[in-house]
Amino acid sequence: MSKMKLSVLYLGKIECQRLHLVACPEEETMIQSPMVSVLIQHPTLGTLLYDTGNTPFYNSVYGEEIRKTYPITEFISIEDALAEKGLRPSDIDGIILSHLHFDHVGGLQYFAGTKALQNVMVAAEELKNAYYCVMTGTAGAYVKSLFDLPEIRFVPIQEDISLAQDIHLFLQASHTPAVLGLRLELEQEGCIIATSDTIYTQDSYEQRIPPGGSINKTPEEFFENLDRIQAMQQEYQATLLFGHDFEQVKRLAARGFLV
Ligand SMILES: [Zn+2]
């Protein structure tokens, strides 16, 4: 196995009703929801990022519905988080986007003019869906100006693929038509699987509770995907990294995984 290095970058948080992440009857219960990016320093593929967090211009760019439902209470730019690791946006060789919702693509603008913006991997079905939604008045959590950048070159991912023997991307048909999950094989830490927003939190995973609201068209897509993640977790004895789990972020910080 290669000497790949992994860091989870903390990019601030929003505060929202818990029911948006884990279905529950109490509307008043609020939850902190962190934004994270995964930094991968790989011996042959170079330096890759998985997701980029929010835009610094959230107050002017996000619509009223997003600002009301998901108010940002802390913002850390991907640029500042990379600087903590001694890196600049121009050091990044490629970006993997789990999906194109605002809180995952908001940092793309920091990569204008860099090689990373020429190598932006996203699920083909997700790319089609995002453009369809923003061009038909059904944008939801997609904000066109964040991903439709002048020089961006998307690399559409059509099926589960391996970028190297220790980096694998897999498609999940939950949350959106196609969310890219990430499976990494690390020498020390073993297998790490990042689900992104198909499973927001450990509670949701362990207690098999889908998110509330209408993000999934039917609960079945959540459960089908959860079963697959569970099977993968067992097969690879993997540690899971969930989409927006503040408790997990605190544990990662304690283990020195997080900056
Ligand atoms: Zn998200």
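## A term used below

A polar contact is a pair of N or O atoms within 3.5 Å. Within protein, one of the two atoms must be able to donate a hydrogen and the other to accept it. The model described here is a predicted one.

## The chain as a whole

The chain contains nine helices and twelve strands. Its radius of gyration is 17 Å, close to the 18 Å that the globule rule gives for 259 residues, so the chain is as compact as a globular protein of that length. Along the principal axes, the C-alpha atoms fill a box of roughly 45 × 40 × 35 Å.

Of the 259 residues, 55% count as buried. Among contacts with a separation of 6 or more, 68% are between residues 24 or more positions apart.

## Surface and charge

The accessible surface of the chain is about 11400 Å², and carbon and sulfur atoms account for 50% of it. There are 19 positive and 34 negative side chains. The centres of these two sets are 4 Å apart.

## Ser196

Ser196 is part of strand β11, which covers residues 190–196. Its relative accessibility is 5%, under the 20% limit, so Ser196 counts as buried. The side chains of Ser196 and Ser98 form a polar contact of 2.9 Å.

Leaving aside residues up to four places away in sequence, Ser196 touches several others, including Tyr50, Asp51, His99, His104, Leu241 and Phe242. Ala139 is 57 residues from Ser196 in sequence, and their C-alpha atoms are 20 Å apart in space.

## Glu185

Glu185 belongs to strand β10, residues 179–186. With a relative accessible area of 17%, Glu185 is buried. Its side chain makes a polar contact of 3.0 Å with the side chain of Arg183.

## Arg208

Arg208 is found in the loop between α7 (202–206) and α8 (219–236). At a relative accessible area of 32%, Arg208 is partly exposed, because that value falls between the limits of 20% and 50%.

Not counting residues up to four places away in sequence, Arg208 touches Asp203, Phe222, Phe223, Leu226, Asp227 and Gln230. With Gln230 there is also a polar contact between side chains, at 3.0 Å. Tyr10 is 198 residues away from Arg208 in sequence, and the C-alpha atoms of the two are 26 Å apart.

Note on methods. Residues are numbered from 1 along each chain as its sequence is written. This is a predicted model: local features need pLDDT of at least 70, side-chain atom pairs count only at pLDDT 80 or more; totals for chains, interfaces and linings use all residues. Side-chain values use heavy atoms; hydrogens and water are left out. Helices (H or I, at least four residues) and strands (E, at least two) are DSSP runs, numbered from the N terminus. The radius of gyration is taken over C-alpha atoms; the globule rule is 2.2 Å times the number of residues to the power 0.38. Buried means under 20% relative accessible area, exposed over 50%, partly exposed in between (1.4 Å probe, protein chains only). Contact means heavy atoms within 4.5 Å. Accessible areas come from the Shrake-Rupley method with a 1.4 Å probe; for residues, only the protein chains shown count as cover. Lys and Arg count as positive and Asp and Glu as negative; His and the chain ends are not counted. The place of a charge is taken as NZ of Lys, CZ of Arg, CG of Asp or CD of Glu.
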